[in-house]
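We will go stop by stop.

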Amino acid sequence: MAGAAGPARITLWGIEVFVATAEERSISAAARRLGASPSAVSQQLTNLEAALGATLLLRSARPVVLTSAGEAFRRRAEAILNEAAQARTEVQGTEHAPLGRLRLGMIDDLEADITPPLLTRLAERLPGCQFLLETNASHVLYDQLDAQALDLIVAAEMGPAQSWAEVHPLWSEDFLVAVRAGEVDADGDLLAQLRDRPLVHYTTRHHMGRLVQTHLARLNLTLAHRFELDSYHALLAMVGQGEGWTILPPLALMRARRLLPGLDILPLPFERLSRRIVLSARAGQLGELPSLVAEETRELLDRLVLGPAGEAYPSLKGKVTLL
């Protein structure tokens, strides 16, 4: 019938409105961010939900809450926006077109010391770019990069790179022993002394904990442990209270450095264990940006973390190698 409204359609603008609302958890905040009115944002959300045949957001909640359908669609929506930005760049015929959005994933180790100055530097280099930061465990970040929910990540290397990825090595670090100060004789049989004490284990739900667990199993070392924690600060606080000892990489120790004065940091009394931290991105999508972010991350780590920590705690000096 002439003049009748057609079926609801999925539009790029509707997807952008949905993602902004999902990130801001507020229709009014999303409207301010997009330069639109709250009523226009609400109407776009209604149209999108009609086109998909599902409720994506509980808009009456404060803050706005995503439904299970909304959570599922959000991953697809972010990938669509990323592809649209890439298509715009290619159509414009230059890899130097302004980047409008960068979704960056970082492991917890760098959250406080490196991430803020890195974002400040990137903001200066990429005027007009909007930044989304995700701080999480390495395996979660890789899953999000694979799903195209993130553009680039800094995380522990977990195996061979995917065929679609470009990888920039950042640093390697050897794992160390942390034990309450004065509790063991470093000149004696360290392994025998540690066997008499429980291991306070970093959680095996994360890659780093599984890496330690696998290493100990390969060496046929069975070590009693009662506690398994996912917080560096809590773990080292327990060690400082004499609840046992732990195995962590230098960056984890440096992040909880206020606790280091009460600890002795020693080399592993068995075969060396190390990990590599790398920057990964989808190959060819961000031009020279991944290489630039890798260079900036190395420089900030060396100047803000490794230098001061090495001076204050000689046992940590030289335990991290920039790549």
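Helices (H or I, at least four residues) and strands (E, at least two) are DSSP runs, numbered from the N terminus. This is a predicted model: local features need pLDDT of at least 70, side-chain atom pairs count only at pLDDT 80 or more, and totals for chains, interfaces and linings use all residues. Residues are numbered from 1 along each chain as its sequence is written, and side-chain values use heavy atoms, with hydrogens and water left out.

**Stop 1: a loop glycine**

Select Gly 318. It lies in the loop between α11 and β13. Is Gly 318 buried or exposed? Gly 318 counts as exposed, at 67% relative accessibility. The scale runs like this: buried means under 20% relative accessible area, exposed over 50%, and partly exposed in between (1.4 Å probe, protein chains only). The C-alpha atoms of Gly 318 and Glu 173 are separated by 9.1 Å, although the two residues are 145 apart along the chain.

**Stop 2: the whole protein**

Zoom out. The protein has 11 helices and 13 strands. Its C-alpha trace spans about 90 × 40 × 35 Å along the principal axes. Of its 323 residues, 44% count as buried. Contact means heavy atoms within 4.5 Å. Take the contacts between residues at least 6 apart in sequence: 75% of them join residues at least 24 apart.

**Stop 3: the six-stranded sheet**

Strands of a sheet pair through backbone hydrogen bonds, either parallel or antiparallel. Here, two strands pair if DSSP finds at least two bridges between them. Colour the strands β4, β3, β5, β12, β6 and β13: in that order they form an open sheet with mixed pairing. Which strands stand at the edges? They are β4 (130-135) and β13 (320-322). Each has a single partner strand, so one side of each is left without a neighbour in the sheet. The twist averages 20° from one strand to the next.

Next, select β6 (residues 165-174) and β12 (residues 274-282). They pair in the antiparallel sense over nine bridges.

**Stop 4: a charge over a ring**

Show the side chains of Arg 282 and Trp 164. The charged end of Arg 282 sits over the ring of Trp 164, 4.1 Å from its centre. The test is that NZ of Lys or CZ of Arg is within 6 Å of the ring centre and within 35 degrees of the ring normal.

**Stop 5: the three-stranded sheet**

Select β10, β7 and β11. They form an open sheet in the order β10-β7-β11, with antiparallel pairing. The edge strands are β10 (245-248) and β11 (263-267), and each pairs on one side only. Strand β7 (residues 176-180) pairs with β11 over five bridges. Look for Arg 180: it stands opposite Leu 263 in β11. Helix α9 (residues 232-240) packs on this sheet and touches β7, β10 and β11.

**Stop 6: aromatic pairs**

How many aromatic pairs does a search of the whole structure find? It finds two. Rings of Phe, Tyr and Trp (its six-membered ring) pair if their centres lie within 6.5 Å; planes under 30 degrees apart count as stacked, over 60 as edge-to-face and the rest as tilted.

Show Phe 18 and Phe 73. Their ring centres are 5.3 Å apart and their planes at 50°, so the pair is tilted. Phe 18 is in helix α1 (residues 12-24) and Phe 73 in helix α4 (residues 68-92), 55 residues apart. Phe 18 counts as buried at 0% relative accessibility. Phe 73 is buried too, with a relative accessible area of 12%.

Now show Tyr 202 and Tyr 232. This pair is also tilted, with centres 5.4 Å apart and planes at 35°. Tyr 202 is in strand β8 (residues 200-202), and Tyr 232 is in helix α9. Both are buried.

**Stop 7: a buried threonine**

Finish at Thr 203, in the loop between β8 and α8 (207-218). Thr 203 is buried, with a relative accessible area of 2%. Leaving aside neighbours within four places in sequence, Thr 203 is in contact with Gly 209, Arg 210, Glu 228, Leu 229 and Asp 230.

Methods: Axes fitted to C-alpha atoms, helices over the stretch in contact; angles between N-to-C directions.
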